[in-house]
Amino acid sequence: MIRGLVSRPERLVPAVSLPVVVVAFACTPLISGEGLTTFDIRNALQGFAQLGLLALGLGLTMIAREFDLSVVGTYALGGMLAVQTGKSSAILGVVVAVAAGAAIGAVQGGLVAWLRIPSLPVTLATYIALLGLTSAISGGLSKTYTNSAATLWVDRTILVIFSPRSLVTLAAFLIAALMLGFTKRGRELRAIGGDRRASRVAGVRVERALIGLFTVSGTLAALGGALLSYSYASANPNPGLQPLILGAVAVLLGGVSLAGGRGLPLGLLAGTLSVALIAQIVAMTALPDYSTELLYAALLVIIVAIDAPGLRQTLDRLKARRNSKATSTITLASHDQYGAESP
Amino acid sequence: MTTANSEHRHATSAAGTGSARRKAGSATEAKGRIRWRRPGPLDIGIGIGILAVVLVGAMTSRFFSLDNARAILASTAAVGITAIGATFVMIVGSAVSLAVSQTATVAAMIFLSTQQLGLGVAILLALACGVAVTAAQGAVIGFWTANPIVLTIAAGFAIGGVAIWISGGATVYPKATAFRTLDSTPLGLPLAVYVLIGLALLAQWMLHRTTAGRQLYLIGENPAAARAAGLPVGRVTVIAWAFFGACIALTGIFLASFNTSANADLGGTLSLDAIAAVLVGGTAIGGGRGSALRTLGGALLISVISDLLLLRGFSTGVQLLAKGLLVLLVVVTVHLRSTRGRR
């Protein structure tokens, strides 16, 4: 069991990180001096809802060894579109936002899949364009959402700790887990990320899968943005790169490798919950803003450094050198022994 | 198949280190001749694009004026100096850095807060900071092959966090005014424009006439083959990043002299602007291709188009949107052009 875990980082990483963070969360009363309430858990789940859909989209593309930077742009655009078009009907706003996100994702997926352009420049250019578009729609200003019924509804408390927003996010993770676990989609996705040419030869329809993947990623980001701006009752034209860094931390704590081909939706769920709990710990202990930034940056740097293939090669080389040195001293020692015996 | 071929070609050309430089030089010349004889669809597209810009410019009042040309050059210099450094990093195959804005901000803060030590010392300290911080990222990327995007996002967060921590979130004001000389306008043009032109020529010379410059292309084209051929991949990558750091710090110094104070938002969207300029210059994100002079052209083109949109009364959002779409268009065209014939 333990051995199975160690040889499979996609299970080991989330299986370690989530319990560690949960223990830390349970210990926060020691620092803050106030007891944990169900309200704190509910807040952590709200943070999970804010980040979850974005992290899921980012994680799925990273399993297929693509990197969708544009999710932050789609997130902002989705929020803005939902606020601008959903004044009378909240559902309409979400539908418009999701449709736009899906269309943007499909176009990017088409460029990446059919023209075989690396996803980084495509999604980066789209990110710049989407920031511009969002700013052009809103005139560069934050827009308030006046439909207070919708604002109250998305954050309504359900079963003490949940809200419609966190339940939607959880449902998205469960659907992804079921889709990837019980259909061939999951294996196809990891195959595309592991070795694209081999998976193409093996009969995976790589182009179709990639377009579908980017469409899903755009849809999730837009939905996340729409729900967030309903909750805040306002939309911000430029959320900055903060959601992206939190999403990246969540995905990497979820056991996804930057080299692609590795990762599970339930791992992503655990990673995202970990980040949400960390955010709640920071909020409860009232640490200053910059220390949170430093904390996330340090986490990310550590994960990226450990994940880097070059570091592993260097360590292997050092180990091999030490081993060969050890064997050579052994042979020397035995040689001495023989030398001492011979006369 | 094609990859294997090109690996072989580069392994052999890199193995004859003595003649590598000459060979690569003649290869570029040959490419230049072919392009000159047969103008492809890309050249016609560029021609039409420039013609369109000139026509729209002629129809816009005040576009063809000395003041406007000066404004365009000044905004080109603000982005161009950083973009030249970013070209090196993209050629060597480390893609992009998303920590540029924060690094420039920190360099600017150091430059202003050390004014009482003298202008030269302040410039040196700011440059040293930019080089150290950026080269450290380059070392992790070059020696350990860490993922540059996630690493630089984390580094950007860390640098920004440290800047706020040390400055206490306050704006930095200088104690002496010697830096005003950097904001002067000899012969009617800002000093930064002369620095930009000098830097572009220096960079072009380094890329084409020095061993490290040629090695940048070889490593970017195929890092595995370069490593197998015994090229110092890690060291050359660090040199590229160190040069990039100096360019970022220079931009920070000019930003500081222009604004006469520095706060946490000074860097603005410099990260994205620099990447956009490099990509519009036709440098491939995968590495191995690109030139400093083309990046200069890219930065100039973006400035001209932004200026045109501004003069015609469009908002910053629309300018950003146009920039994103331009980057996307160039990325797709460059990619199609470079892979045509291979498939």
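**Exercise 1. Two helices of chain B**

At what angle do helix 8 of chain B and helix 13 of chain B pack, and how many Å apart are their axes?

*Solution.* The model is predicted.
Step 1: locate the helices. Helix 8 of chain B covers residues 191–209, and helix 13 of chain B covers residues 292–311.
Step 2: read the geometry. The angle is about 145°, and the axes are 8 Å apart.
Step 3: find the residues that meet. Helix 8 of chain B brings Ala200(B), Ala203(B), Gln204(B) and Leu207(B). Helix 13 of chain B brings Ala292(B), Leu293(B) and Leu296(B).
Step 4: sort them by class. This contact has 6 nonpolar residues, 1 polar residue and no charged ones.

**Exercise 2. Chain B as a whole**

Describe the make-up of chain B.

*Solution.* 
Step 1: count elements. Chain B has 14 helices and 0 strands.
Step 2: look at burial. Of its 343 residues, 51% are buried.
Step 3: look at sequence separation. Take the contacts in chain B with a separation of 6 or more: 79% of them join residues 24 or more positions apart.

**Exercise 3. Where the chains touch**

Which helix of chain B gives the most to the side that touches chain A?

*Solution.* 
Step 1: size the contact. 41 residues of chain B are in contact with 38 residues of chain A.
Step 2: list the helices. Helices 6, 7, 12 and 14 of chain B each supply at least two residues of that side.
Step 3: pick the top contributor. Helix 14 of chain B gives the most, with 15 residues.

**Exercise 4. A helix pair in chain A**

How do helix 5 of chain A and helix 11 of chain A run relative to each other, parallel or antiparallel?

*Solution.* 
Step 1: read the angle. The axes cross at roughly 150° and come within 7 Å.
Step 2: apply the cut-off. Angles over 145 degrees count as roughly antiparallel. Helix 5 and helix 11 of chain A are therefore roughly antiparallel.
Step 3: name the handedness. The crossing is right-handed.

Conventions. Residues are numbered from 1 along each chain as its sequence is written. Chains are lettered from A and ligands numbered from 1 in the order in which they are written. This is a predicted model: local features need pLDDT of at least 70, side-chain atom pairs count only at pLDDT 80 or more; totals for chains, interfaces and linings use all residues. Axes are lines fitted to C-alpha atoms, for helices over the stretch in contact, and angles run from 0 to 180 degrees between N-to-C directions. Helices (H or I, at least four residues) and strands (E, at least two) are DSSP runs, numbered from the N terminus. Two residues are in contact if their C-beta atoms, placed from the backbone, lie within 7 Å. Ala, Val, Leu, Ile, Met, Phe, Trp, Tyr, Cys and Pro count as nonpolar, Asp, Glu, Lys and Arg as charged, and the others, Gly among them, as polar. A residue is buried if 20 or more other C-beta atoms lie within 10 Å of its own, exposed if 12 or fewer, and partly exposed in between; C-beta atoms are placed from the backbone. Angles under 35 degrees count as roughly parallel, over 145 as roughly antiparallel, 65 to 115 as roughly perpendicular and the rest as oblique. A crossing is left-handed if the near helix is turned anticlockwise from the far one by less than a right angle, and right-handed if clockwise.
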